[in-house]
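Hi there,

Here is the structure I promised to pass on. Have a look at it first, and then read on for what turned up.

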Amino acid sequence: MTHVPVLLKEVIDYLSPQANENFIDATVGEGGHALTILKLIEPDGKLIGIDLSKEVIGRIAKIKDKNEKLKNRLILVNDSYANLEKIVRKNDFKSIHGILFDLGMCSWHLEASGRGFSYLRDEPLDMRFSPKNDLTAAEIINFWDIEKIEEILKEFGEEKYAHRISLAIKEARKKERIVGTQQLVDILKRTLPKNYDKKRIHFATRTFQSLRIAVNDELQIIEDGIKQAIQILEIGGRIAVISFHSLEDRIVKHIFREKAKVGELKILTKRPISPCPEEIKNNVRSRSAKLRVAERI
Ligand SMILES: C[S@@+](CC[C@H](N)C(=O)[O-])C[C@H]1O[C@@H](n2cnc3c(N)ncnc32)[C@H](O)[C@@H]1O
């Protein structure tokens, strides 16, 4: 299944790509946003597309190979946006008019990676965006101190049953290694109330989210990446960030405010932009998306 780009029209309206401008997609994924931007910056505008997952970059590299118009204009980099400044320097990329971050996973991670991102599948508890990372979700669940697990559930999942869940994990891992997603889902099912969060979200959502954030050190990396992006934008260039939960959105909001205070940014979205009901109907994944945009001044 292909990934449906979230808030595409809004991102394009705000970034306003024009002929021959240069852009960076810090989380290129399956290229939903990047390919649209590349069309608008023809004939000579270039785009660096970064993604931490080698397999995801491989998919968009195939699209590039088949399209003559992309050959010299789409530069793909399999790396973390935490290395943004280095990547830009290495590619001698200048006059950057816009940078996009679309945080989180793409459909490939949930549906085809086999890495345990989805609580709906039975897969190894891995959750790494890149296998170069040594830490897996199974390592956390089986070997981290229970207090630390409770802390990440609270902090990264805003899970109000963090204490209860961590105790259940403590008991379960005494009996056997917890290596698969469904083992974890079973523990949660036994532990959490039947009408968890009034059934607004699946009972495993927050636990899976907190493990993914911890495994990939996502919040720290988001902060590093966004701060570097602001530094490398040309004056008048824009940064757009799509986040999918309140912790990410809070980080973006704070960085933008901090940089606006010292006169480096002008915030263009006083409140974050959410998808319209039509988009949510057509793509449930967009439900929690929030877009914030700012301009380098
Ligand atoms: C929501 S998807 C992007 C989808 C893309 N905008 C599209 O419409 O096709 C997020 C992507 O970010 C990648 N990613 C996660 N952490 C990253 C990091 N630290 N550096 C670069 N890419 C990362 C994931 O592998 C994933 O492919």
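Which residue in E7 does Ser243 stand opposite? Ser243 faces Lys290 there. Please keep in mind throughout that this is a predicted model.

That pair belongs to a wider picture. Strand E5 (residues 233–243) and strand E7 (residues 290–296) run antiparallel and are joined by 6 bridges. Both are part of an open sheet of 7 strands, in the order E3-E2-E1-E4-E5-E7-E6, with mixed pairing. At the edges are strand E3 (74–78) and strand E6 (265–267), each pairing on one side only. On average, neighbouring strands of the sheet are turned by 15° against each other, direction ignored. Helix H11 (residues 218–232) lies across strand E1 (22–25), strand E4 (96–102), E5, E6 and E7, and runs at about 155° to E5.

Now to the ligand, which I expect you will want to look at. There are 26 residues around the ligand, and those that come nearest are His33, Asp51, Tyr81, Asp102 and His109.

- The side chain of Asp102 has an N or O atom 2.7 Å from a nitrogen atom of the ligand.
- A backbone N or O atom of Glu30 is 3.1 Å from an oxygen atom of the ligand.
- In the side chain of His109, an N or O atom lies 3.4 Å from an oxygen atom of the ligand.

The ligand exposes 610 Å² when taken alone, and the protein buries 98% of that.

A few spots in the loops also deserve a look. His245 sits in the loop between E5 and helix H12 (246–261). Is His245 buried or exposed? His245 counts as buried because its relative accessible area is 13%, under the 20% cut-off. Leaving aside neighbours within four places in sequence, His245 is in contact with Gln209, Arg212 and Ile213.

In the loop between helix H2 (32–40) and strand E2 (47–51) you will find Pro43, which is joined to Glu42 by a cis peptide bond with omega of about 5°.

Two residues other than glycine have a positive phi. Ser95, in the loop between helix H4 (84–90) and E4, has a phi of about 50°. Asp217, in the loop between helix H10 (205–216) and H11, has a phi near 50°. Ser95 is partly exposed, with a relative accessible area of 48%, and Asp217 is partly exposed too, at 43% relative accessibility.

How values were computed:
Residues numbered from 1 in each chain as written. Predicted model: local features only at pLDDT ≥ 70, side-chain atom pairs only at ≥ 80, totals over all residues. Heavy atoms only, no water. Pairing = 2+ DSSP bridges. Helix = DSSP H or I, 4+ residues; strand = E, 2+ residues; numbered from the N terminus. Axes fitted to C-alpha atoms, helices over the stretch in contact; angles between N-to-C directions. Contact = heavy atoms within 4.5 Å. Near = heavy atom within 4 Å. Polar contact = N/O pair within 3.5 Å; in protein donor to acceptor, adjacent residues only side chain to side chain. Areas by Shrake-Rupley, 256 points an atom, 1.4 Å probe, with all protein chains shown as cover. Buried < 20%, exposed > 50% of the residue type's maximum accessible area, 1.4 Å probe, protein only.
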